[in-house]
Amino acid sequence: MSETPEQAAEALKRGALILLPTETVYGLGADASDPRAVAAIFEAKGRPRFNPLIAHVADAAAAEAVGVFDARARRLADAFWPGPLTLVTPVRDARRVCDLARAGLDSVALRVPGHAKARAVLSAFGGPVVAPSANRSGRPSPTTFQDAVEETGFAAAAAVDGGPCAVGLESTVVSVLDGRVALLRPGAVTRAEVEALAGPLDDSGEGHRSPGRLTLHYAPDAPVRIEVGGARDGEILLGFGPGVGDPRWSLSPTGDLREAAANLFRLLRDADRTRPAGIAVAPIPRDGLGEAINDRLRRAAGHIG
Ligand code: TXA
Ligand code: MG
């Protein structure tokens, strides 16, 4: 069973939660201006309340009604929206994205998703929709409709089936605050792509860290070992590139980073369902999209930060 984008928009207007497909991962969505609906998201996910949510809007004009964009934020929005980039800017209109959704911060995270059904929900609803990844807190983000339903479908009044997520990793989060541009979470839009438009990034880590990056994340139940040459007894090996492990469990048999990103969370979940002694993952190159893949893997393995 799944609902149409219009039915999902109606559910949002009633203050209910929805499962929202995006090109990155599935989200659990609510009306960003409604503190009761937003509270229901934190409850369903078991998410700590100090961790703010991303507000999804239909276009850049709607984003600029909520946040304050300087020239560099606007350049990034022009280049990558709609798409897998989230911009953290000073908040302009705090009512549209309530305090609870922003975890009380005076900044706001904004994204214009590229998925056609997400955009249909947003235009039918007509306001910002906060949507964290639809996993229960600490678990891998769902990248298929079935996985999203299994994680938090119990809390959603409407669930929109958008098929498998093309990107498979959460959006790149970039803050543009006080004239400084910082990469808070690597994703499909790479560090090099952001720097090409916004100049060198501020890597001091001071000022604006992403609160959600401090906790254990993306972890399946089985222990995860990364950058390994082979599996131990009872482990499943997630390979990368030709001839590494069983092709059925390969992130990308040809060694393609986009394919590996799209497969990562689904394969972690599928491997976990077989209740292995552990999940071993072959080395993944660190350049480009590899930064985001290695970031998620380090966190899944419990190497935080
Ligand atoms: O791809 C995505 O971004 C997905 C889809 C559904 O859009 N959403 C997602 O949301 O990954 P979530 O809540 O799982 O991750 C949001 C991240 C967290 O790391 C949070 O701490 C950070 O964005 N964030 C949100 N507001 C922020 C703010 N004002 N300052 C710094 N970080 C913020
Ligand atoms: Mg998440």
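Is glycine 29 buried or exposed? Close-up 1 takes up that question, and like the other views here it comes from a predicted model.

**View 1. Glycine 29 and the residues around it.** Glycine 29 sits in strand E2, which covers residues 27–31. It's buried: 31 other C-beta atoms lie within 10 Å of glycine 29, and the cut-off for calling a residue buried is 20 or more. Who's in touch with glycine 29? Setting aside neighbours within four places in sequence, the contacts are Leu12, Leu17, Ile18, Leu20, Val129, Val130 and Ala131. For a sense of scale, pick out aspartate 93 as well: 64 residues separate glycine 29 from aspartate 93 in sequence, and their C-alpha atoms are 20 Å apart in space.

View 2. An unreviewed UniProt entry puts the feature "domain: YrdC-like" at residues 2–189.

View 3. The protein splits into domain 1, residues 5–212, and domain 2, residues 224–300. Their C-alpha centres are 26 Å apart. How many residues does each domain bring to the contact? Domain 1 puts in 14 residues and domain 2 puts in 15. On the domain 1 side, the residues touching domain 2 come out as 6 nonpolar, 6 polar and 2 charged.

**View 4. An open sheet of 4 strands.** Reading across the sheet, the order is E10-E13-E11-E12, and the pairing is parallel. Which strands stand at the edges? Those are E10 (224–226) and E12 (250–252); each has a single partner strand, so one side of each is left with no neighbour in the sheet. On average, and ignoring direction, neighbouring strands are turned by 15 degrees against each other.

**View 5. Strands E11 and E12, with a helix packed on the sheet.** Zoom in on E11, residues 235–240, and you'll find E11 pairing with E12 in the parallel sense over 2 bridges. Glycine 239 is a handy landmark here, standing opposite serine 250 in E12. Helix H8, residues 257–273, packs on this sheet and touches E11, E12 and strand E13 (278–281). The direction of H8 makes about 165 degrees with that of E12.

Methods:
Residues are numbered from 1 along each chain as its sequence is written. Chains are lettered from A and ligands numbered from 1 in the order in which they are written. This is a predicted model: local features need pLDDT of at least 70, side-chain atom pairs count only at pLDDT 80 or more; totals for chains, interfaces and linings use all residues. UniProt positions are given in the numbering used here, feature names are shortened, and annotations may be inferred rather than shown by experiment. Domain bounds come from an automatic or database domain assignment. Two residues are in contact if their C-beta atoms, placed from the backbone, lie within 7 Å. Ala, Val, Leu, Ile, Met, Phe, Trp, Tyr, Cys and Pro count as nonpolar, Asp, Glu, Lys and Arg as charged, and the others, Gly among them, as polar. Two strands pair if DSSP finds at least two bridges between them. Axes are lines fitted to C-alpha atoms, for helices over the stretch in contact, and angles run from 0 to 180 degrees between N-to-C directions. A residue is buried if 20 or more other C-beta atoms lie within 10 Å of its own, exposed if 12 or fewer, and partly exposed in between; C-beta atoms are placed from the backbone.
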